[in-house]
Amino acid sequence: MQENTTETPLLPHPDSQQYAFFFDVDGTLAEIRDEPDAVSIPADVRQHLQALFTASSGALALISGRPVEQLDQLVAPLILPAAGVHGAEMRDGEGQFHRVTLPAQMAKDVEQTLAAGMEKLPGTLLEVKGMAFALHYRQAMLHQQHVLELAESVVAKHPELVLQPGKCVIEIKPRGKDKGAAIYDFMQQPPFAGRLPVFVGDDLTDEKGFEVVNALNGISVKVGEGSSLAKYRVKHVRDVYQWLETLQRHAALSSSTTHTNTHTKESHS
């Protein structure tokens, strides 16, 4: 990855009818917390998402390591297109739900192995997502190497699975599923098809998304520090909030202008 040293407080203001919008959640739309269950998205941010979703004719999706069910809870009462568990779960633009599953016995064996291993590492947390597993060590950084070794031992036994490192977490997920593949899949279907993609993310898991968006001549935005493939960068989650508010205003202004022009044409016809 290359280091993008250009901090860009004034991000582009893409036309809501020409672009498709994709947002990571933790560290992008929500501040990262020690406990995953403590994460929340402010009400005004959810309102901005709703406005942009409407202005873009539904071409807005969440792209996250969280299960879709959790994403729905975080943006309630909104029901948005979403790729959860890095694309292993997906609710497409037409509301159809798709999910990758693991063989039941395999999933049970992996969960038991991870639970036994994490129990020996105080302060760590195992999050079971059905077809994926997240090994959190934010509150037990001294166990980082032990968590990695545990995850590697499981993946070595199951070639269908792959590791996905993140911020103070190691995830185990189905091979071939990542945020880049999820964005690419969305871009092949309505209402995303034929547009240019915008993706905002903060973590190593988002780099695959940036790679795909860049290849499609879209807008990639990294939140926070660290090397990245993203073309733009902002420092904080609150910068994303401000940008969303600006996008909402631009979309509203564009809609108002279009309505006025249409009304004027009708008056002269």
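Guide: With strand 2, residues 60-63, which is covered on both faces: Leu60 and Leu62 on one side and Ala61 and Ile63 on the other are all buried. Buried means under 20% relative accessible area, taken with a 1.4 Å probe and protein chains only. Strands are DSSP runs of E with at least two residues, helices are runs of H or I with at least four, and both are numbered from the N terminus.

Visitor: Which residue is the bridge partner of Phe21 in strand 2?
Guide: Leu60. Strand 1 (residues 19-23) and strand 2 run parallel and are joined by 3 bridges; pairing requires at least two DSSP bridges.

Visitor: What sort of model is this, and how are residues numbered?
Guide: It is a predicted model, in which local features need pLDDT of at least 70 and side-chain atom pairs count only at pLDDT 80 or more, while totals for chains, interfaces and linings use all residues. Residues are numbered from 1 along each chain as its sequence is written, and side-chain values use heavy atoms, with hydrogens and water left out.

Visitor: How many helices and strands are in the chain?
Guide: The chain has 7 helices and 12 strands. Of its 269 residues, 49% count as buried.

Visitor: Now the backbone. Which peptide bonds are cis?
Guide: The bond from Ala76 to Pro77 is cis, with omega near 10 degrees. Pro77 sits in the loop between helix 2 (68-75) and strand 3 (82-84). Another cis bond joins Pro190 and Pro191, with omega about 0 degrees, and Pro191 is in the loop between helix 5 (179-186) and strand 10 (196-201).

Visitor: What about phi at Val85?
Guide: Val85 is not a glycine, yet has a positive phi of about 50 degrees. Most residues other than glycine have a negative phi. Val85 lies in the loop between strand 3 and strand 4 (89-91).

Visitor: And Asn217, buried or exposed?
Guide: Asn217 counts as exposed (over 50%), at 59% relative accessibility. Its phi is also positive, near 60 degrees. Val85, by contrast, is buried at 0%.
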